[in-house]
Amino acid sequence: MVQQQAAKEVIPLLTPYKMGQFQLSHRVVLAPLTRCRSYGNVPQPHAAVYYSQRATKGGLLIAEATGVSPTAQGYPEAPGIWTQEQVEAWKPIVDAVHRKGGIFFCQIWHVGRVSTYEFQPDGQAPISSTDKQITPAEISPSGEPVMVYSKPRRLRTEEIPGIVDDFRRAARNAIEAGFDGVEIHGAHGFILEQFMKDSSNDRTDEYGGGSLENRCRFAVEVVDAIVGEVGAHRVGIRLSPFADYFDCVDSDPVALGHYMIQQLNKHEGFLYCHMVEPRMAMVDGRRQIPHRLLPFRKAFHGTFIAAGGYDREEGNKVVAEGYADLVAYGRLFLANPDLPKRFELNAPLNKYDRSTFYTQDPVVGYTDYPFLEDGSNNDDSTTQA
């Protein structure tokens, strides 16, 4: 009966969509989620189980943030894609997703100053736009032990092209590994935002100062380099102009967002812009998303993905209203590997366990969330991938 009723209902999130050369069967996207289970920064076979569990024919998955170089690291057991060993380790994971008919993008990042001496080669200082240290938090937003980040080293002007080249090589490696494209991580206080936002960019060279053009120069050069390497049709970017993570906040986030959209639009066929909502607000006693991304969505020429606390109802609403083309889900997709099916049937959702988000166990809190049909983890043949 539930299935019959669901079949009669037009569910906006489950309508097809053409994203560039990719034909999507629905609009529910797996958001990039750091999971800390790539031992020694090398992706592991259990990741093939995890991602293929969440893959559907014509569904878009974005892999967890993946380091572009040895200095890009700031989290335990996070994956990289700067060595051939890492490229080879990603291949069976990508293959497992493709066997399910999924479309798989690799999010590439550099954490910049969101790191410590312990994560850096030879114990050196993390690199950044600045030498200002991140203010120690009293409590971690995720409930994890508070990290005290090391004092960073301000990149010299002549070093910046080398970091741009790290991103370019990582994009090339991702395509070699079989990914359908790459997402540039330009959000949440990591290195690109450290340059873009005026709270963390105190430089006086051509990559700093008061102008948006200077502060965004590094990010724009990264975009240009990656587009030149793999083609605009394979490239997306994640931006969070309203976010305030790791002492990274901008005095005019609207101007920042619009400037970056203008730069993306210079590349004909630039695939997508994945933007994070402002923090959710209380409206009439209910947590609601302020929906301040609409001007960016209207300005951008490609596919627009919205992320940030969405549920089924809110996701359907923004797709139906044309506010976003696709909606990225993080915690809900983490805990519900068959999330599109549950949305289709309006079925109950598994509750996520925050305490296992960033642990290193290859199963618990990773591949053991049950599927709707039979309560199993539905590993199928992907366990051997």
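Helices here are DSSP runs (H or I) of at least four residues, strands are E runs of at least two, and both are numbered from the N terminus. Everything below comes from a predicted model.

**View 1. The whole chain, before zooming in.** The protein chain carries 12 helices and 15 strands. Of its 385 residues, 57% count as buried. If you look at contacts between residues at least 6 apart in sequence, 72% of them join residues at least 24 apart.

View 2. Rolling a probe the size of a water molecule over the atoms shows where empty space is left. In this model, that turns up two cavities of 30 Å³ or more, and the largest cavity holds about 50 Å³ of space. Its lining is made up of Gly186, Glu193, Met196, Leu239, Ser240, Pro241, Leu256, Gly257 and Met260. Helix H5 (191-196) and helix H8 (253-265) each put at least two residues into this lining. Which helix gives the largest share of the lining? That would be H8, with three residues. Sorted by class, the lining of the largest cavity comes out as five nonpolar, three polar and one charged.

View 3. Is lysine 197 buried or exposed? With a relative accessible area of 0%, lysine 197 is buried, because the cut-off for that label is under 20%. Leaving aside residues up to four places away in sequence, lysine 197 touches Arg215, Ser240, Pro241, Phe242, Ala243, Cys248, Val249, Asp250 and Leu256. Ser240, Pro241 and Leu256 also line the largest cavity. Lysine 197 and proline 241 sit 44 residues apart in sequence, yet their C-alpha atoms are 8.3 Å apart in space.

**View 4. The second largest cavity.** About 30 Å³ of space lies in the second largest cavity. Lining this one are Arg37, Ser38, Pro43, Gln44, His46, Ala47, Glu64 and Tyr366. By class, the lining of the second largest cavity splits into three nonpolar, three polar and two charged residues. His46 and Ala47 are also among the buried residues of H2, the helix shown in the next view.

View 5. How many of the nine residues of H2 are buried? Eight are, so H2 is largely enclosed by the rest of the structure. The buried residues of H2 are His46, Ala47, Ala48, Val49, Tyr50, Tyr51, Ser52 and Gln53. What covers them includes strand S3 (28-30), strand S4 (60-62), helix H3 (84-99) and strand S6 (103-109).

View 6. Most residues other than glycine have a negative phi, and most peptide bonds are trans. You'll find cysteine 36 in the loop between S3 and helix H2 (45-53). At 1% relative accessibility, cysteine 36 counts as buried. Phenylalanine 246 has a positive phi of about 55° as well, and it isn't a glycine either. Its place is the loop between strand S10 (235-239) and H8. Phenylalanine 246 counts as partly exposed, at 22% relative accessibility.

**View 7. H4 packed against H7.** Two packed helices are described by the angle between their axes and the distance between the axes. For helix H4 (residues 160-176) and helix H7 (residues 217-230), the numbers are about 35° and 9 Å. The crossing of H4 past H7 is right-handed. On the H4 side, the contact is made by Ile160, Ile163, Val164, Phe167, Arg168, Ala171, Arg172 and Ile175, while H7 answers with Phe218, Glu221, Val222, Ala225, Ile226, Glu229 and Val230. By class, that contact has 11 nonpolar residues, no polar ones and four charged.

View 8. Tyrosine 358 belongs to the segment after helix H12 (339-345). Its relative accessible area is 32%, and tyrosine 358 is therefore partly exposed. How many residues separate tyrosine 358 from tyrosine 75 along the chain? The answer is 283, and their C-alpha atoms are separated by 9.2 Å.

Note on methods. Residues numbered from 1 in each chain as written. Predicted model: local features only at pLDDT ≥ 70, side-chain atom pairs only at ≥ 80, totals over all residues. Heavy atoms only, no water. Axes fitted to C-alpha atoms, helices over the stretch in contact; angles between N-to-C directions. Left-handed = near helix turned anticlockwise from the far one by under 90°. Contact = heavy atoms within 4.5 Å. Nonpolar A, V, L, I, M, F, W, Y, C, P; charged D, E, K, R; others polar. 1 Å grid on protein atoms, 1.4 Å probe; cavity = no way out; pocket = protein on both sides within 12 Å on 5 of 7 lines; lining within 4 Å. Points joined across faces, edges and corners; volume = space filled by probe spheres on them. Buried < 20%, exposed > 50% of the residue type's maximum accessible area, 1.4 Å probe, protein only.
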